[in-house]
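Work through the exercises below with the model open in your viewer. Try each task before you read its solution.

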Amino acid sequence: MASNLWILGIILLLLNILRIRYSRGLNRFNGPLPASSTSLWKVWYAFNSSQKQTYVDIHHKYGGVVRIGPSELSFADPQAIYDIYGPEGTPQKVLVDVAA
């Protein structure tokens with residue numbers, strides 16, 4: 001009976017990870033596999049290597065816009081700061097169709 005509960009728990013955990021990975025609007029952006037379901041991979045790299053170099057490496061591998069967390073993106077182009085925050089440094093209202 002206890003082994004059935006463990007199996008059920010593992011199945012539910014895997015289903016939740018898949019839900020987080022594929023059901024969000026950011027699922028169309030590439031990035032490291034763990035980044036699509038958790039941010040814990042960043043903690044690992046923060047303690048074990050150069051986090052800055054890690055971001056540079058993932059941008060070389062995946063491109064200018066990279067998914068670095070379930071709800072986070074990293075932009076390599078400095079123009080993105082201006083596009084997001086505008087000339088005054090305040091967030092701009094941007095309507096983005098994430099379903100496209």
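The exercises go from the whole chain to single residues.

This is a predicted model: local features need pLDDT of at least 70, side-chain atom pairs count only at pLDDT 80 or more, and totals for chains, interfaces and linings use all residues. Residues are numbered from 1 along each chain as its sequence is written, and side-chain values use heavy atoms, without hydrogens or water.

**Exercise 1. Chain overview**

Task: List the secondary structure elements of the protein chain in order, and find what percentage of its residues is buried.

Solution: 
- Step 1. Take helices (H or I, at least four residues) and strands (E, at least two) as DSSP runs, numbered from the N terminus. The protein chain has 4 helices and 2 strands.
- Step 2. The order is α-α-α-β-β-α.
- Step 3. Buried means under 20% relative accessible area, exposed over 50%, and partly exposed in between (1.4 Å probe, protein chains only). By that rule, 18% of the 100 residues are buried.
- Step 4. Compute the accessible surface (Shrake-Rupley, 1.4 Å probe; for residues, only the protein chains shown count as cover). The protein chain has about 7700 Å², with 64% from carbon and sulfur atoms.

**Exercise 2. Core and patch**

Task: Find which residues make up the largest nonpolar core, and which form a nonpolar patch on the surface.

Solution: 
- Step 1. A nonpolar core is a set of buried Ala, Val, Leu, Ile, Met, Phe, Trp, Tyr and Cys residues joined through side-chain atoms within 4.5 Å. The largest has 5 residues: A35, W41, I58, V66 and I68.
- Step 2. Follow V66. Contact means heavy atoms within 4.5 Å. Beyond four places in sequence, V66 contacts residues including N30, P32, I58 and L73.
- Step 3. For the patch, take residues with over 30% relative accessible area and no salt bridge; nonpolar side chains (Val, Leu, Ile, Met, Phe, Trp, Tyr) are joined within 5 Å, like charges within 9 Å. The nonpolar patch holds L5, I7, L8, I11, L12, L15, L18 and Y22, with about 800 Å² of accessible area together.
- Step 4. Check Y22. Y22 sits in helix 1 (residues 2-23). Y22 counts as partly exposed because its relative accessible area is 48%.

**Exercise 3. Salt bridge**

Task: Find which side chains meet in a salt bridge.

Solution: 
- Step 1. Search for a side-chain nitrogen of Lys or Arg within 4 Å of a carboxyl oxygen of Asp or Glu. The search returns 1 salt bridge.
- Step 2. The partners are K42 and E72, at 2.8 Å from N to O. K42 belongs to helix 2 and E72 to strand 2 (residues 72-75), 30 residues apart.
- Step 3. K42 has a relative accessible area of 14%, so K42 is buried. E72 has 30%, so E72 is partly exposed.
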